[in-house]
Amino acid sequence: VQLVESGGGLTQAGDSLRLSCAVSGGTFSDWTMGWFRQPPGKEREFVASVSRSGFQRYADSQAGRFAISRNNAKMTVNLQMNTLKPEDTAVYYCAASNKPLSVSLSEYEYWGQGTQVTVSS
């Protein structure tokens, strides 16, 4: 199973970015897909997840600004990030879990390498 993130970069506060994660191998449609991030000097944290049925969950700090979506036919999961803030600066990781509605890092079996998002003020 391989997960490859793309779409990160340097942007300014208030801008938008769209991250994508392409998955190969495994049974994508059976998994909960999640996005996590690791800010500089901090631990990795939950951002958003989408279950195989499309149910979405978000961390409180992203609710209303971020939107997660999945395309089972293309085996991709996206994270639309709007109104970005400097505190959104982090490495963003895509991950897959066999647990429904999972928000815990320990419940995600597969991880991508991450993509850097830097938001300047």
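**Reading a sheet and a disulfide**

User: Which residue in S3 stands opposite leucine 3?

Analyst: Valine 23 in S3 stands opposite leucine 3. Strands are DSSP runs of E, at least two residues long, numbered from the N terminus. This is a predicted model, where local features need pLDDT of at least 70, side-chain atom pairs count only at pLDDT 80 or more, and totals for chains, interfaces and linings use all residues. Residues are numbered from 1 along each chain as its sequence is written, and side-chain values use heavy atoms, with hydrogens and water left out.

User: How many bridges join S1 to strand S3?

Analyst: Two strands pair if DSSP finds at least two bridges between them. Here 5 bridges join S1 to S3 (residues 17–24), and the two run antiparallel.

User: What is the order of the strands in the open sheet?

Analyst: The order of the 4 strands is S1-S3-S8-S7, with antiparallel pairing. S1 (2–6) and S7 (66–71) each have a single partner strand, so one side of each lacks a neighbour in the sheet.

User: Which cysteines does a disulfide join?

Analyst: A disulfide is a covalent bond between the sulfur atoms of two cysteines. The rule used is a pair of cysteine sulfur atoms within 2.5 Å, and by it the count comes to 1 disulfide. It joins cysteine 21 to cysteine 94, S to S 2.1 Å. The angle about the S-S bond is -80 degrees, and the link is left-handed. Cysteine 21 lies in S3 and cysteine 94 in S9 (residues 90–97), so the pair ties together parts 73 residues apart in sequence.

User: Is cysteine 21 buried or exposed?

Analyst: Buried means under 20% relative accessible area, exposed over 50%, and partly exposed in between (1.4 Å probe, protein chains only). Cysteine 21 is buried at 1% relative accessibility, and cysteine 94 is buried at 0%.
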